[in-house]
Amino acid sequence: MASAQSGTLYRGREGMWSWVAHRISGMLIFLFLLVHVLDTALVRVSPEAYNEVIGHYKTIVFGLGEIGLVAAVVFHALNGLRIILVDFWSKGTTHQRKLFWGVVVVWVVLMAGFLPRQLMHMFGA
């Protein structure tokens, strides 16, 4: 009889959450790129409409969106490197939990360096 532990290695653990966050961050980056291509293409249709759209990007809401975008890109990149190590390093699966927490620590450090600068930019300090 199968034990409660049988099945996937990642069920409810770091690997599963890493997988979920990687997919979500990837989709958010894709959506940003789609919107970016569309708003840039708008300049050919109507420069006035383009300028109006770009004006909205200077709001606090979009500044927070930029923080989210940077957070998604940085996490997605770091986690992608973790996935490469898990897949191609012979001891990668053994150390996948440590690698995940390493990604989290590096992500926090990088975001801590980015956030003050972005917040100063957003609030005009």
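Does leucine 85 count as buried, exposed or partly exposed, and at what relative accessibility? I opened my notebook with that one, keeping in mind that the model is predicted.

**Entry 1: leucine 85**

I found leucine 85 in helix H3. Its relative accessibility is 38%, so I wrote it down as partly exposed, since that class lies between the cut-offs of 20% for buried and 50% for exposed. Next I looked up its partners: leaving out residues up to four places away in sequence, leucine 85 touches Gly92 and Leu99. I also checked histidine 95, ten residues along the chain from leucine 85, and the two C-alpha atoms are separated by 9.4 Å.

**Entry 2: the whole chain**

I stepped back to look at the fold. I noted four helices and zero strands, which read along the sequence as α-α-α-α. The protein chain has 125 residues, and 22% of them count as buried. I then turned to contacts between residues at least 6 apart in sequence: 68% of them join residues at least 24 apart.

**Entry 3: helix H3**

Back to the helix that holds leucine 85. H3 has 29 residues, which should span 42 Å at 1.5 Å a residue, and I found its end C-alpha atoms 42 Å apart, so the two values agree. I listed its buried residues, among them Gly63, Ile67, Ala71, Phe75, Leu78, Asn79, Arg82 and Val86. Where do the buried residues of H3 pack? I found them against H1 and H4.

**Entry 4: helix H4**

H4 covers residues 96-123, which makes 28 residues. I get 39 Å from its first C-alpha to its last, close to the expected 40 Å. I looked for a bend and found a kink of about 25° at phenylalanine 114, shortly before proline 116. The buried residues here are Gln96, Leu99, Phe100, Val103, Met111, Gln118 and Met122. Leu99 was already in my notes as a contact of leucine 85. The buried residues of H4 pack against helix H1 (14-45) and helix H3 (60-88). Just after H4, I noted that glycine 124 takes a positive phi of about 70°.

**Entry 5: H1 against H2**

Two packed helices are described by the angle between their axes and the distance between the axes, and I looked up both values for this pair. How far apart are the axes of H1 and H2, and at what angle do they pack? The axes are 6 Å apart and the angle is about 150°, so I marked H1 and H2 as roughly antiparallel to each other. On the H1 side, the contact is made by Asp39, Thr40, Leu42, Val43 and Val45. On the H2 side, I listed Pro47, Ala49, Tyr50 and Val53. H2 itself runs over residues 47-56.

Definitions and conventions: Residues numbered from 1 in each chain as written. Predicted model: local features only at pLDDT ≥ 70, side-chain atom pairs only at ≥ 80, totals over all residues. Heavy atoms only, no water. Helix = DSSP H or I, 4+ residues; strand = E, 2+ residues; numbered from the N terminus. Expected span 1.5 Å × (residues − 1). Bend = angle between axes of the 7 residues up to and from the residue. Buried < 20%, exposed > 50% of the residue type's maximum accessible area, 1.4 Å probe, protein only. Contact = heavy atoms within 4.5 Å. Axes fitted to C-alpha atoms, helices over the stretch in contact; angles between N-to-C directions. Parallel < 35°, antiparallel > 145°, perpendicular 65-115°, else oblique.
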